[in-house]
Amino acid sequence: MPAADQYDVYTGNANPELARNICRYLGIDLGRAEVFEFANENIFVRIVDNAREKDVFLIQPTSRPVNKSIMELLIMIDAFKRASAGRITAVVPYYGYGRSDKKDQPRVPITARLIADMMTVAGANRILTVDLHQGQIQGFFNIPVDELTAVHLLSGHFRQMQIENLVVVTDLGFAKRARAFAELLDAPLAIVEKRRIGNQDRAEVLNVIGDVRGKRAIIVDDEIDTAGTLTQIVDALEREGVTEMYACATHAVLSEPAIERLAESNLREVVVTDSIPIPPEKRGGKIKVVSLAPLIAEAIVRIHRGQSVGALFTSEVQFTQEMLLWDVEAGTGRPLAGGDGRSTGESAADGTNAADGAADDPA
């Protein structure tokens with residue numbers, strides 16, 4: 001690979017399997033780094049490979065254990081900065097503390113902003129993430145942020161199922177992205193009104209706004225935590241006369257007792273992505289996992305080459321939907337290289353950009 005087209009992908013311990021799948025899709029080796037914890041719980045990081053002037057992409061969702069994952073990410077960013085990396089992009093598929101994005105009670109912090117400041121101070125030059133809890137979190141950063149969405153992958157899964165008489169159901173917080181999901185499936189949108197109760201991960205479903213009677217429903221949200229709200233929505237839709245129900249979410253947090261609640265619910269299938277690692281004991285049954293590896297890998301290539309990331313969801317949306325067909329187990333390379341029409345074996349040695357040209361870089 002020519003020097004001008006070199007980039008390296010590294011990972012912490014939060015989701016190494018996703019990082020390996022991203023590298024498998026890109027046809028490159030995962031960068032070598034030592035990341036471990038001493039007996040006194042201090043985290044140690046050593047970058048094994050030469051990172052000087054390299055374009056570095058660090059895969060690390062801030063998922064369980066959340067605080068350890070955040071510290072690993074910050075220390076790795078600092079290690080790469082001190083190793084003279086040319087640019088450091090923190091790839092954070094799941095942004096922990098995303099729900100602490102506003103001061104909604106007296107004397108509470110805005111932790112999502114604090115985490116953003118910590119990443120910036122540590123030395124990150126750019127952030128790549130997927131389906132933030134709220135879009136305004138992008139504004140907490142003083143560095144460029146590329147926010148991908150799994151809406152096209154998740155909707156593509158249900159498109160393949162060819163379910164008839166559909167309605168898409170969501171809450172107000174995810175309504176904008178759910179509308180795009182509904183348009184991709186040519187289905188109407190219904191809104192669930194809910195009220196969060198205190199600080200105990202509990203919410204109360206108040207109303208279902210929209211015509212759902214006699215329809216098959218797909219419930220869409222950004223994450224499934226304890227599945228308490230989701231199962232309440234299922235119960236509310238049953239009372240409103242929905243005949244069949246599915247659910248999907250980008251981030252499968254699946255805190256206890258989520259698996260038991262999902263198993264006991266009348267949901268036929270729950271589709272999630274691998275933004276957060278899902279242990280074997282939580283897989284199977286109603287849980288179906290769609291890989292984000294192709295989507296994140298394409299974004300990495302486009303960021304590195306200065307090509308449009310937004311085109312993945314506009315002019316090249318069909319290409320994005322076809323990522324669903326990528327076989328994680330087979331590990332075949334990407335069908336296109338950064339959206340410029342080359343096969344995997346043809347690198348962009350000449351530096352030519354995609355036809356749409358411009359880069360999605362506010363800087």
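Which side chain does Arg 87 meet in a salt bridge? The partner is Asp 55, with N and O 2.8 Å apart. A salt bridge here is a side-chain nitrogen of Lys or Arg within 4 Å of a carboxyl oxygen of Asp or Glu. The pair links distant parts of the chain, since Arg 87 sits in strand β5 (residues 87–92) and Asp 55 in strand β4, 32 residues apart. Strands (E, at least two residues) and helices (H or I, at least four) are DSSP runs, numbered from the N terminus. Asp 55 is buried at 9% relative accessible area, while Arg 87 is partly exposed at 22%; buried means under 20%, exposed over 50% and partly exposed in between (1.4 Å probe, protein chains only).

This is a predicted model, in which local features need pLDDT of at least 70, side-chain atom pairs count only at pLDDT 80 or more, and totals for chains, interfaces and linings use all residues. Residues are numbered from 1 along each chain as its sequence is written, and side-chain values use heavy atoms, with hydrogens and water left out.

In total, the structure holds 18 salt bridges. One of them joins Arg 32 to Asp 49, with the closest N and O atoms 2.7 Å apart. Here loops are being linked: Arg 32 lies between α1 (16–26) and β2 (33–37), and Asp 49 between β3 (43–47) and β4 (55–59), 17 residues away. Arg 32 is exposed at 51%, whereas Asp 49 is partly exposed at 22%.

Strands β3 and β2 get their own link, through Arg 46 and Glu 34, 12 residues apart. Their salt bridge spans 3.0 Å from N to O.
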